[in-house]
Amino acid sequence: MTAATTSVTADARPLSRSLTANRLPKWAPAAVAVGSIALGCGIGAVGGLESHLQWGLISAVLFLLISYGVSAQVEGRRQAKDRFATSVVWVAFILAVVPLISLTVYTVQQGIGVVNGNFLSHSMKGVIASGPGGGIYHALLGTMQQVALATAMAAPVGLLTAVYLVEYGRGTLAKTVTFFVDVMTGIPSIVAGLFVLSLWNIALGFSYSGFSGSLALAILMMPVVVRSTEEMLKLVPNELREASYALGVPKWKTILRIVLPTAIGGITTGVMLAVARITGETAPVLMLVFGADAINSNPFDGPQQSLPMYIWQQYSVVNNDFGYARAWGAALVLIAFVMGLNLIARGIARWRSPKGGH
C-alpha cells in the first residue's frame, strides 16, 4: 500500500465516523411510538375524553413532537427535520388505514352471522320486511347484470377515446375532448342519473329497468377508463412505434399489434378499478332501476334490484332488527365483491408487468 493510499484511507475513517456518529438506534422510532401511545391514552383518560379517536390524535401529535425533539438533541436539526417528515408520512398513512380497517372489521362483525347459502340463494319475494328470512340473490344478480352492461358500453368507448387522444389527437378537438373528460371525471352520480332519467325515461318514454341504471353507470365509468387508458398508452415507449413504422407497418396496425398489447395489463387494471368504482353507486340506481323484491333476470324489462339499493331499503325500515341484519350482510357481500375486483386488477397488473417477463 502506497503512502497516498494510506493517507486517503486515514482521512476517510474520520469522515465515515462523522457520518454515522450521533445516530439514534433503530428501535428508537418504535420506542417513541409506544411511549407516545401510552402518554396519549393517559392524557385522554385523565382528561375524561371518551372518544378513542381523540386519544389517537393526541398520541399522533405527541409522536411527532417527541420524535423531532429527541432527534434534534441527539442528531441535530437537519436530521430531525428528516425524521419529522418521515413521521408525518407514517402518521398520515395510519390515519388513512385505521378507518378502512375499522370499517371492514365492523362490517364483518355485523354481517358474518347473516351471510350463508340461504341468504345468497333467495330473494325477498313473499318475505315481510320486518320479519326473518329472505336473501340477496335478486340484488346480486341485478348488480352483476347492470355492471356488466355498463362495462360493455363504457370500456370500448373509453378505450377508443384514449387511443384517439394519445395517437391521433391534435388541435382544438383533442383539447375539447380532454376538457370534457376532466369535467365528467368529477360529475356527481346523481347528475348522471338525472340526465338519463330526463333523456331515456321521460323524453324517449322507456320504463324503469336495469339497463337504464347501466346507462348512468356507464357515464360515470367512461372518464375513468379514458384517463387510465390514456396514461397507460403514454407509457409505451415511442421506440416501439418508430420501429414498427420503419418496417412499413401502418399506424392502425401498429396500435393494434404493438401499442395495445404492450399496455394491456395497465388498461385491464384501469377497467377493473372503474368497475369497482361504479359497483357501489346508489343514486342512479335509485332513480332509474326502481328496485324489486322478486328476481328479474331481464335487465331490459321492468324494475330490478341491486345491492346498494337493497342495503338502503333494508336499513331504512325503522326499528327492524332483521332488516338491519340483512343490510349488514349485503354490505359485507358488496365489500367482498369490490375487494375481489381490486385483487383481480392487481393480479392482472402483476402478471402483465414487464418485470414478470411478459
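Predicted model: local features only at pLDDT ≥ 70, side-chain atom pairs only at ≥ 80, totals over all residues.
The largest pocket has a volume of about 460 Å³.

- Some background before the pairs themselves: side chains of opposite charge can pair when their charged atoms come close.
- Glu167 and Arg241 make one of the salt bridges, with 2.8 Å between the closest N and O atoms. This pair ties together distant parts of the chain, since Glu167 sits in helix H6 (residues 137–168) and Arg241 in helix H10 (residues 238–246), 74 residues apart. Both Glu167 and Arg241 are buried.
- Arg83 and Glu75 also join through their side chains, at 2.7 Å from N to O. Are the two partners buried or exposed? Arg83 is partly exposed, because its relative accessible area is 22%, whereas Glu75 has 15% and is therefore buried, the cut-off being under 20%.
- Glu230 and Lys234 form a salt bridge at 3.6 Å, N to O. Here both residues belong to helix H9 (residues 210–234) and are four residues apart, which is about one turn of the helix. Glu230 has a relative accessibility of 5%, so it counts as buried.

**Aromatic rings and a charge over a ring**

- Phe180 is partly exposed, with a relative accessible area of 47%.
- Trp200 and Phe206 are stacked instead, their centres 4.0 Å apart and their planes at 10 degrees. Why stacked? The angle of 10 degrees falls under the 30 degrees cut-off, so the pair counts as stacked.
- Phe206 has 40% relative accessibility and so counts as partly exposed.
- Trp200 and Phe206 also share one aromatic cluster with Phe211 and Phe300.
- For a charge over a ring, look at Lys251, which lies over the face of Tyr168 at 4.6 Å from the ring centre.

**A loop residue: Ile187**

- Where is Ile187 found? Ile187 belongs to the loop between helix H7 (171–185) and helix H8 (189–203).
- Ile187 counts as partly exposed, because its relative accessibility is 22%.
- Setting aside neighbours within four places in sequence, Ile187 is in contact with Ala192 and Leu220.

**The largest pocket**

- Some background on how such spaces show up: rolling a probe the size of a water molecule over the atoms shows where empty space is left.
- The volume of the largest pocket is about 460 Å³. The pocket is lined by 19 residues, and the closest to its centre are Ile37, Gly56, Ser59, Ala60 and Ile94.
- Which elements give two or more residues to the lining? They are helix H2 (28–46), helix H3 (52–74) and helix H4 (77–111).
- H3 supplies the largest share of that lining, with eight residues.

How values were computed:
Residues numbered from 1 in each chain as written. Heavy atoms only, no water. Salt bridge = Lys/Arg side-chain N within 4 Å of Asp/Glu carboxyl O. Buried < 20%, exposed > 50% of the residue type's maximum accessible area, 1.4 Å probe, protein only. Contact = heavy atoms within 4.5 Å. Phe/Tyr/Trp six-rings, centres within 6.5 Å; stacked < 30°, edge-to-face > 60°. Lys NZ or Arg CZ within 6 Å of the ring centre and 35° of its normal. 1 Å grid on protein atoms, 1.4 Å probe; cavity = no way out; pocket = protein on both sides within 12 Å on 5 of 7 lines; lining within 4 Å. Points joined across faces, edges and corners; volume = space filled by probe spheres on them.
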